[in-house]
2 protein chains.
Amino acid sequence: LSSRPEKYDRLVGILADVVNLRHAAALLYWDQQTMMPTAAAQARGHHMATVDKLAHAKLTSPEVGQLLDDLKDHEATLPYDSDEAATLRVARRQYEKATRIPPDLIVRISLAGAEGYVTWRQAREANDYKVFQPALERTYALMREVTEALGWEDHPLDALVDEFEPGLKTAQIEALFDDLRATLVPLGQAIFNRPGTIDDGPVRRHFPSEAQLAASQEAAVAVGFDLDTRGRLDLSVHPFTTSFSPCDVRITTKVDESFLPTSLFATLHEAGHGLYEQGLPVAFQESILGEGASSGIHESQSLLWENVVGRSRGFCEFFLPRLRSLFPDQLGGMSPEGFYRAVNKVQPSLIRVDADEVTYNLHVMIRFELEKAVFDGRLSLGDLAEAWRAKFKDYLGIVPPDDLSGVLQDIHWTGGFGACFVSYTVGHVSGLQLYEKARAEIPDLERGFARGDFAALREWMNRNVHAHGRKYTPQELVERATGRRLETGPYLTYIKGKFKDIYGL
Amino acid sequence: LSSRPEKYDRLVGILADVVNLRHAAALLYWDQQTMMPTAAAQARGHHMATVDKLAHAKLTSPEVGQLLDDLKDHEATLPYDSDEAATLRVARRQYEKATRIPPDLIVRISLAGAEGYVTWRQAREANDYKVFQPALERTYALMREVTEALGWEDHPLDALVDEFEPGLKTAQIEALFDDLRATLVPLGQAIFNRPGTIDDGPVRRHFPSEAQLAASQEAAVAVGFDLDTRGRLDLSVHPFTTSFSPCDVRITTKVDESFLPTSLFATLHEAGHGLYEQGLPVAFQESILGEGASSGIHESQSLLWENVVGRSRGFCEFFLPRLRSLFPDQLGGMSPEGFYRAVNKVQPSLIRVDADEVTYNLHVMIRFELEKAVFDGRLSLGDLAEAWRAKFKDYLGIVPPDDLSGVLQDIHWTGGFGACFVSYTVGHVSGLQLYEKARAEIPDLERGFARGDFAALREWMNRNVHAHGRKYTPQELVERATGRRLETGPYLTYIKGKFKDIYGL
């Protein structure tokens, strides 16, 4: 083993600046969403643009390129698993991506995103996709430029998939969706034919905001999120998680006073992201390795704690008494089983963010199929709204009555097009693959949930996921943890088992 | 008039990056003091160091030096009052100061400051100045290096005075203190000989924190601080003000449940700083001109709203009814005149931050005299604690029983020595000079206070102080606003008039 060259330390020093600037940018964003006075939006835009610009300039500086070149021979001598090798891998990957996209393209994407957002708002106001279409045409053209700038082998979308899920290919994503489609579409149909099976009336009563926040806080702490010295929970319009080190991880939630599950499960979702961030090694706090493996793997953790744990019989048994002490009038007559069923009600919905575990990935699949059809030249953006409705009819048996509840619902397409949603599905699939492995290794895992004991699962995820930071690609991480490539089996087995039981199918 | 050269725009673009980075750094600081989880201190240090370093690197880049050189001829053609000329003046000034101090000296000062803080804490723990002395010796040696690096003509302290109060000289500061000493020492003696004249018992009852915060918020809004869309009020251990644009100005306060004035007047003090920041031109928000003229001029505004307005008969008459509705039991029997007297009680105190209007500047003077004696070689740092005690006996008639309530009380000397405190006195003096001019120009100014009408004073300060940002030096600003150079007359007239009346002297 060669000793660590000075050039490596120099590179790590520059990367630390990049990481610290990214964390400063993350604080600017967190503050904007939670604390900032309303009149400050324009000034905050300037702060964020400047910090982003300088982080990008640091990462793409000729010195970084030179150091990466000079360190190639050294890198070849390092064990693949070492932090040093991983640092060089990830730095090289980020450097190459960042330098391949010309600065003027970045500016044009940024401007198109800002304009796209405004146009999207106008289109929503008018409830008319045609208003948004020109902005989406522009965005799509820019995304094509990006795919060419980044390069691809099998399919142009590969370049965009790789941005979110390093190493994954469009063909793999399609294969995942083929499996999901074959199981989830008929399962959904079977469930939709049994409406009225579940009564969620009791969770649709009036639940005052402050008590809901107290419940959410308790739930986050129960699963192990450190709100004491290393975390915060605040309110924002769209719940999110951000972090500036493993010692400063901030989650947000939102409250719907007429629907108890909104805040509770949004909080557990973000707490799942938060456990990942708090579980990253402190040694990585200024390192380019100090973040999650990918958007999808991050989503695996949030969906795990929200759905697989939070919406489990065990968690419901554990947490209902706590909810009942906060809401004795509303939940007095509710049984754990009734609560479990109420928070797992399945129904065909038009809106992705309101979808349940059975239908959620159909929403994602529809979007990916449409994006891919456009990239393949089989669908024109002029026909997107109509194609959207046709897909909803096919897969969910319902048709959006207007664009607002259809093609105009997501903010994602205001700034991007192609692979915008796949990480959610990668998250569901990898999450269950990881979970099933943990369950096989930990005796009586789920019985612990009913006692409020989540430590074994959290620690398993910490060892197998969190502790690696960004060292591995999603595929590598899943294979190391489970011994198998990313596959839909565990996810589909879980979904079928859970919902056939609930719906008596 | 020559047209604006491209090089000027280029320079302004770089300065905008510097300003945006400084604002990002300010948010990192605000968050640290108000929101940050306790375990995050170390990581936050890295974020701040990186952002500071990059702001400094931007400002001191050779390109900035070249642009400033290239623009000299252009600058000579500009009217002194123009934004362009002022931008070049201030940029040149900051560039020259920043480049004169060698980078290794900045690092040594920063490290010595961090160590000095730790040593100061240890010395306070041990209640022993001798523990702190070595750290202070080091800091003093570094400050001598700074004075030599920056350069000076009449006295080395000029270099440090100029850092806080551009254009002011040590000799001028000394002359101010000569005036203050001659009036304030005998005035203090006369008042101390009449103890018991004022009963502040009613403001020393129990005042619950939440109601105090509500009162503080109301007071800040009453004087015109925009808490609605352009500001915030939060809690922190040490009250402070920061801002990231005129549209995002944040003040903090602290609450003492057994002493009502703490939170109320800390809030009015910070609201005074906040009015200055909210009053800066929005057009300066990315400009190097977008901050106050100096620490002293900033302090003129905070002291004005805290003392001259907040502790006036008019304000007490206006605000007591509001306090009484929040605290009917505690303040039920209090008259406006009684409240006015209670919040203006004068007593010789050992602690600067607890000092009243009469004695505050004696505290500052003692520190400046000691700093200057050390710089003049007339006092060794080994004798500082003893010299401190002697000065207190001379000027305030009391002697600190220990170092904790004596020479170890201020955090300022952990990172600097020399001119650390003079801005407070510049603030008192210039504040009254500005106020007296406003009063001469605005009919019935003080009668408005009793009706809660502070708009005329605020607007006068906005026109004469806030609107200029950093365009003028303190001296220039005061001269433009009042027609006279900085002078102690208005301040001493105010102090004598107010306190001879209150104490019946």
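**Entry 1: ground rules**

I noted that residues are numbered from 1 along each chain as its sequence is written, and that chains are lettered from A and ligands numbered from 1 in the order in which they are written. The model is predicted, so local features need pLDDT of at least 70, side-chain atom pairs count only at pLDDT 80 or more, and totals for chains, interfaces and linings use all residues, while side-chain values use heavy atoms, with hydrogens and water left out.

**Entry 2: where the chains meet**

I began with the contact between the two chains. Contact means heavy atoms within 4.5 Å. I found 36 residues from chain A and 36 residues from chain B in it. Next I looked up the buried area, which is the accessible area (1.4 Å probe) that two parts lose on being put together, summed over both. Chain A and chain B bury about 2,900 Å² between them. Carbon and sulfur atoms carry 61% of that area.

I then looked for salt bridges across the interface. A salt bridge is a side-chain nitrogen of Lys or Arg within 4 Å of a carboxyl oxygen of Asp or Glu. The rule finds six between chain A and chain B. I picked out B:D248 and A:R44, whose side chains meet in one at 3.5 Å, N to O. I also saw that A:D31, A:R44, B:D248 and B:R250 are linked in a network of salt bridges.

Polar contacts came next. Each is a pair of N or O atoms within 3.5 Å; within protein, one must be able to donate a hydrogen and the other to accept it, and residues adjacent in sequence count only if both atoms are side-chain atoms. Between chain A and chain B, 16 residue pairs are in polar contact, both at pLDDT 80 or more.

Which elements of chain A give two or more residues to the side that touches chain B? I listed α1 (6–34), α2 (41–59), β1 (231–235), β2 (241–245) and β3 (248–253). Helices (H or I, at least four residues) and strands (E, at least two) are DSSP runs, numbered from the N terminus. The largest share, 10 residues, comes from α2(A). By class, this side of chain A has 15 nonpolar, 11 polar and 10 charged residues. Ala, Val, Leu, Ile, Met, Phe, Trp, Tyr, Cys and Pro count as nonpolar, Asp, Glu, Lys and Arg as charged, and the others, Gly among them, as polar.

**Entry 3: strand β1(A)**

I checked burial here. Buried means under 20% relative accessible area, exposed over 50%, and partly exposed in between (1.4 Å probe, protein chains only). Four of the five residues of β1(A) are buried, so this strand is largely enclosed by the rest of the structure. Two strands pair if DSSP finds at least two bridges between them. Five bridges join β1(A) to β3(A), and the two run parallel. A:R232 has A:R250 as its bridge partner in β3(A).

**Entry 4: two buried residues**

I looked up A:G314 in helix α13 (residues 313–326) of chain A. A:G314 is buried at 12% relative accessible area. Leaving aside neighbours within four places in sequence, A:G314 is in contact with A:F449 and A:A450.

Then I moved to B:T267 in helix α11 (residues 261–279) of chain B. Is B:T267 buried or exposed? B:T267 is buried, at 0%. A polar contact of 3.0 Å joins its side chain to that of B:T253. Not counting residues up to four places away in sequence, B:T267 touches B:S216, B:A220, B:L233, B:I251 and B:T253.

**Entry 5: salt bridges within chains**

I counted 94 salt bridges over all chains. One joins A:E115 and A:R138 at 3.3 Å, N to O. This pair links distant parts of the chain, with A:E115 in helix α6 (residues 103–126) and A:R138 in helix α7 (residues 129–150), 23 residues apart. A:E115 is partly exposed at 41%, and A:R138 is partly exposed at 38%.

Another joins A:E386 and A:R389 at 2.9 Å, N to O. Both sit in helix α17 (residues 384–396) of chain A, three residues apart, so about one helical turn separates them. A:E386 is partly exposed at 46%, and A:R389 is partly exposed at 25%.

In chain B I noted B:R485 and B:E479, which meet at 3.3 Å, N to O. B:R485 is partly exposed at 46%, and B:E479 is partly exposed at 34%.
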